Amino acid sequence: MTAEAITHPSSAPAGEEENYLNHQKGLVSWLITLDHKRIGIMYLVAILVAFLAGGVFALLVRTELAAPGHTIMEAHTYNKMFTLHGAIMVFLFIIPSIPAALGNFFLPIMLGTKDVAFPRLNLASFYIYVAGTIMALVAITIGDVDTGWTFYTPYSSRAADGAVVWMTLAVFVLGFSSILTGLNFIATVHKMRAPGLHWKRLPLFIWGMYATAVIQVLATPVLAITLLLLTMEATLGIGIFDPELGGDPVLFQHFFWFYSHPAVYIMILPGMAVVNELIATFSQRAIFGYMFVAMSSVSLALLGFLVWGHHMFTSGMSEYATMIFSALTFLVAIPSGVKVFNWTATLYKGSIRLASPMLYALSFIALFTIGGLTGLFLGTLSTDIHLHDTYFVVAHFHYVMVGGTVFGFIGGLHYWWPKMTGRMYNERLAIVSWALVFWGFNQTFFLQFILGSQGMPRRYYDYLDQYATLHGFSSLGSYILGVGFVVMLVMFLLSLRNGVKAPPNPWGSAGYEWMTTSPPHPHNFAEDPFMTRGPYDYHLASDEELFEGFPGDFTVSEAKA
Amino acid sequence: MNNRIVQNMAESLAKTDKMFSRTSQSVAVREAPLASNLVPVSLGRLKKATLSTLTLVTMALASCGGDPNGTIQMPPARSTMAPEVDWLYYFIYWMSVVSFVLIIGVMMYFVIRYRRRPGNERAAPTGHNTPLEVLWTFSPLILLWFLFDWGFTGYMQGVVAPTDSREIRVMGSQWKWEFTNCEGIVETGNLTVPVGEPIKLIMNSTDVLHSFYIPEFRVKRDVVPGMYSTLWFEATQEGEYQVFCTEYCGAPVGSGENNAGHSAMMAKITVVSPDEYENFCAEGPPPPAECEGREGDDRMVCWGDSIFHNPGYACYTCHNGVSAPSFNGLWGREGVMMDGSVVIADENYIRESILRPQAKIVQGYNNIAMPPFRLSDNQLDAIIAYIKSLEE
């Protein structure tokens, strides 16, 4: 204990428990920190700023689309807006959201270890993320990035100014941040698990992070190479994708989706990973079919590499390729279904508490199911031909990316907020914001399924009058969604300012991360933990472990003196 | 109401029978060796049994596949392909509705039934049920295989055009569609086709990616620079149908009503009776809208001017006095041909030079071989009027 006190001089105020927030003070101590928790918090702040920016662009896009014709901006400006919305949401928000923010914070704690395997690399990956963000800002400031987040050639490689090059290089740099986080997680999961934490006890959140990390490490380099080739074509005139220079534009689509389809799983697997924890905690039960759920994450990660061609059924691939990609795409439905079935089965004979994180988890199941089922229309060849590149696709991937990943992320943020900040939040406000977000989201995007099946193409600045009503209601929904997020922001800020002090285990979870103080000790646990039971072994957890410090709506034992 | 449903179901049943017999034969019937190679898998009797069972289930659920007047979800079905796509769409739709209601219904029931109450703070430990896991892991495969097979068969029909299709060239460019119809008549922003005849579009792009989409026909295909892509359809009803560009292709900088770019890259398909189409091919398209309201010569000169400047014909690229004789002052001039003969540029000379350009070539202009242009008589008159007007 003395040795520890010497290496880590504490600045915790007298009478307050030492934790990762108070043991060192000052901005510099944050900027050069190697503590995964502080890096996680820095990531969290950064991605929330990105989410806010992407959200503002989304509302501008929806406002323009609220009525046909010119509403608030010109077509060219609109094209930049939807490009920025997509690029920011995908590359700056969703991809890093759960792994880099929540994952960084909780992966080592849930493994019962002090930090990730390579703390310096972890900090480096954060600064690489910042560098990529700055490059993206440069791109936005110096010119016109209106290619869509997909950068399809030859439109992108023939762009007149250098802004598109800056943007692709920004994404190139951001990719390295993702790769390094993935590497770090793989090494940490393999080598740094606490004694007693064997693979079959691994929290399902960790399984999800692990599967995600595998994709990050294997797929992101392909995107990096592709964007580099694109940059070479745009700046040096080397013909790779542009037919005028002897290239093939469909080749770019293959390369791009070889990354970007697995990237869909970089986005959704962490969402599923969080939901596992939420369902288990708020049903007080182990996830039904633990190994099936764990393996479904791994198999999604692997299958994700084999289905990129389903983005290109109308592109002019050979019929053989089309057939194979369609067949493989249907296989993805299997592990996704396994998860949904097992989550539902977990609820059976549970002790279910509908706290705000659980509302997000249940919303996730419903919205992800809609996202998954509508995927069947798109994996099926003849119906995809009609629906491809219409609003049906826009609605489908928003149900998966927002209804799935973002709901998972927000649910996780609510769930772990007391652990990260040491404060409780106002549950009533949380439920109000959940209701607004849930309603607003569905109003915005469910109508877009009908717009799409009626033939409304995506990325349209203007549209025919027959689509006006649905577009109007959809835009209205997006404002409700926006208000929901504002209420949530206010709720979290209020919690930071005057939230009730959080007990170590406010939700009564058997998860390892709740076995330490809130906020956690700088070394995560005051003593090195030894895992004698699994993270979902509620029947082995004592009443004291589960109900100590429960905030009071159920009779629990007195807090330990 | 009930009668209508029964009637719909009866019609649907007939339609489905037809459809299934077609899906099993059509590929071979259409004389497409590629396609028949591509359907190697036949589940034989099992498939037939599954099909008929699922057909009955579908029958009970869907009542609106391929409605020619459209439904709340689908635009009017106006091509031979559309009803089959709609059938599959509604099959997946009802399957999804049932799955969703089951899953979410069970979930909601559990949430209410097992909510935390005093005495229920501790849940029962989770058990294992491997047979259940195996069941719900592998049983969906059957349904998924069925969907794949149905979708793929429909897709192949859309890919392989009947061999007797009428071929039409389509050129996409930022931000307009151009069609070369009737083996030579160029239309911009509108394509006239006959009803009840397979039409095969051979498409490419002059600049960036585009995609050609007709919602009412349920067809779509990307239009790619540097390669040809094809799409075919057979319209089942006369009328005007919307064409959209569905691959993002940018927009010009600046404001203005015509600056919507990608979202304004639309065209119409005008489906007419075979007689009207024949007439159209003989007469050619009517004069463009900007010439409406003008009279006599003035109208013809305007029309000829628009043909001369139509990028689909692109007369102006060669007829500049360098590659080919300029039209300025051409009318009534004497010219020396390659064979030494002297010809006066009159109506007959101009007509011949458009329809059979190689018949008489002016000395000094033999570097470029002009292709014949199949213009209608009215269009030829317009061009002649236009050249006459340049002489004054």
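Reply: Two strands pair if DSSP finds at least two bridges between them. Helices (H or I, at least four residues) and strands (E, at least two) are DSSP runs, numbered from the N terminus. This is a predicted model: local features need pLDDT of at least 70, side-chain atom pairs count only at pLDDT 80 or more, and totals for chains, interfaces and linings use all residues. Residues are numbered from 1 along each chain as its sequence is written, while chains are lettered from A and ligands numbered from 1 in the order in which they are written.

Me: How many bridges join β2 of chain B to β3(B)?
Reply: Strand β2 of chain B covers residues 176–181. β2 and β3(B) run antiparallel. Within this pair, Thr180(B) stands opposite Val186(B) of β3(B). The number of bridges joining β2 to β3(B) is four.

Me: Which strands stand at the edges of the open sheet in chain B?
Reply: The sheet has five strands with mixed pairing, in the order β3-β2-β1-β5-β8. Strands of a sheet pair through backbone hydrogen bonds, either parallel or antiparallel. Each edge strand has a single partner, so one side of each is left without a neighbour in the sheet. The edge strands are β3 (185–188) and β8 (229–233).

Me: What is the average twist from one strand to the next?
Reply: Axes here are lines fitted to C-alpha atoms (for helices over the stretch in contact), and angles run from 0 to 180 degrees between N-to-C directions. From one strand of the sheet to the next, the twist averages 25 degrees.

Me: Is Val193(B) buried or exposed?
Reply: Val193(B) belongs to strand β4 (residues 190–194) of chain B. A residue is buried if 20 or more other C-beta atoms lie within 10 Å of its own, exposed if 12 or fewer, and partly exposed in between, with C-beta atoms placed from the backbone. Val193(B) has 21 C-beta neighbours inside 10 Å, so Val193(B) counts as buried.

Me: Which residues is Val193(B) in contact with, leaving aside its neighbours within four places in sequence?
Reply: Two residues are in contact if their C-beta atoms, placed from the backbone, lie within 7 Å. With those neighbours set aside, the partners of Val193(B) are Ile199(B), Ala235(B), Ile269(B), Val271(B) and Tyr277(B).

Me: Which element gives the largest share of the side of chain B that touches chain A?
Reply: The contact takes 76 residues from chain B and 74 residues from chain A. Elements giving two or more residues to the chain B side include α2 (33–38), α5 (130–138) and β6 (210–214). The largest share is 14 residues, and it comes from α4(B).

Me: How many residues on that side of chain B are nonpolar?
Reply: Ala, Val, Leu, Ile, Met, Phe, Trp, Tyr, Cys and Pro count as nonpolar, Asp, Glu, Lys and Arg as charged, and the others, Gly among them, as polar. The side of chain B that touches chain A has eleven charged residues and 19 polar ones. The nonpolar residues there come to 46.

Me: What radius of gyration does chain A have?
Reply: Chain A has 16 helices and zero strands. Its C-alpha trace spans about 75 × 45 × 45 Å along the principal axes. The radius of gyration is taken over C-alpha atoms, and the globule rule is 2.2 Å times the number of residues to the power 0.38. For 561 residues a compact globule would come near 24 Å, and chain A agrees, with 24 Å.

Me: Is Gln284(A) buried or exposed?
Reply: Gln284(A) is not a glycine, yet has a positive phi of about 55 degrees. Gln284(A) lies in the loop between α8 (249–283) and α9 (290–303) of chain A. It has 26 other C-beta atoms within 10 Å, so Gln284(A) is buried.
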